[in-house]
Amino acid sequence: MAKAAVGLMSFAVLIGAVLGSTAVKAGALVTAVLVITAAGIALVTRLKSGQRDLEVHKDLVSHYCKLLDATRPSYEVVDWDETITIDDNGDAHTRMKIRVKAAHDDLWFIRMRFDSGWPQPSRYRHRVRMTVRNLLVDGSAGTTLRTTSSWPRDGAMAAIVHFHTPPPANSEVSIDIDLDWPKRCAPLLNGTPDEFGLMYRQPIRRATYRVVLPKGIEVVVEPYGRTEVVSGLRWRRKVDDDGRETISFKLSELPIRQRGGIRLQLKESRRPSRSR
């Protein structure tokens, strides 16, 4: 596109130079600019149309994977370890280590869903970054895995992690996930209660969840979820040497399709004034 633009302008200038008229030079150059503008608009239109088609295809892949998970569960979550670190501006960095056990020989993917605490506008989506890697037996990071992301609604992302090859039935495989999400926790820092919890569509043995707050931030904590979920939920609070508090909780044998976790809100005396 850039080469074509330069070519058109050069041709317009050449025409003007040959004909020797300032008016002709200007007219030829204006014509070239108009042609380039029209071509640029057409290209942008095609790109936007292609992007919309791509998003539709991603939604379909996510939907069909969800149906497969519901009709034929192919794995069990053995261990889920998640830490979300919140910055002063509400940005969140999440680190997860997940270990699953294959129920069949055709475990090609794992489907997950991540939510923001508010219906975040779509303009934030292109800034969300997720990297997934295999974890080797010694705990070191392996190669990256392909992912497919879609947005079933504002502020909610469905992510499918695709394995290079399916692990054998009854074997275990571990993955490491890095997720950077701008303004994901903005409601919490605005003084609105925000929930940090887990829900699974597949069986899970145990899960650990940690929330690392910005320096100097104080919150109140309460559990949420059905009685059978929160009855065994206990959380711990610890402040490090930098003044950042970490709140962690553990769940074991979490019932399928039941969400449970903790709800946080800033203490009134420490509520800062922030905007989304």
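Two strands count as paired if DSSP finds at least two bridges between them. In this predicted model, 3 strands form an open sheet in the order 3-7-6, and their pairing is antiparallel. Strand 3 and strand 6 (146-153) are the edge strands, each of which pairs on one side only. On average, neighbouring strands of this sheet are turned by 20° against each other, direction ignored.

Strand 3 and strand 7 (residues 156-162) run antiparallel and are joined by 7 bridges. Within this pairing, Met 157 in strand 7 is the residue that stands opposite Phe 114.

## The largest pocket

The volume of the largest pocket is about 780 Å³. Its lining consists of 30 residues, and those closest to the pocket centre are Arg 113, Phe 114, Asp 115, Met 199 and Arg 259.

Strand 3 gives the most to the lining, with 6 residues. Elements that each supply at least two lining residues are helix 2 (22-71), strand 1 (75-86), strand 2 (92-102), strand 3 (109-115) and strand 9 (194-198). By residue class, the lining divides into 15 nonpolar, 11 charged and 4 polar residues.

Another open sheet is built from 8 strands in the order 5-4-8-2-1-10-13-12, with mixed pairing. Its edges are strand 5 (141-144) and strand 12 (234-239), each pairing on one side only. Neighbouring strands here are turned by 20° against each other on average, direction ignored. Strand 1 and strand 2, which have places in this order, also contribute to the lining of the largest pocket.

## Strand 4 and its neighbours

Strand 4 (residues 129-135) and strand 8 (residues 172-181) run antiparallel, joined by 7 bridges. Val 132 has Ile 177 as its bridge partner in strand 8, and Asn 134 stands opposite Ile 175 in strand 8.

Strand 4 also runs antiparallel to strand 5, the two being joined by 2 bridges. On that side, Arg 133 has Thr 144 in strand 5 as its bridge partner. The hairpin of strand 4 and strand 5 has 5 residues between the strands, and Gly 139 takes a positive phi near 90° in this hairpin.

Technical notes:
Residues numbered from 1 in each chain as written. Predicted model: local features only at pLDDT ≥ 70, side-chain atom pairs only at ≥ 80, totals over all residues. Heavy atoms only, no water. 1 Å grid on protein atoms, 1.4 Å probe; cavity = no way out; pocket = protein on both sides within 12 Å on 5 of 7 lines; lining within 4 Å. Points joined across faces, edges and corners; volume = space filled by probe spheres on them. Helix = DSSP H or I, 4+ residues; strand = E, 2+ residues; numbered from the N terminus. Nonpolar A, V, L, I, M, F, W, Y, C, P; charged D, E, K, R; others polar. Axes fitted to C-alpha atoms, helices over the stretch in contact; angles between N-to-C directions.
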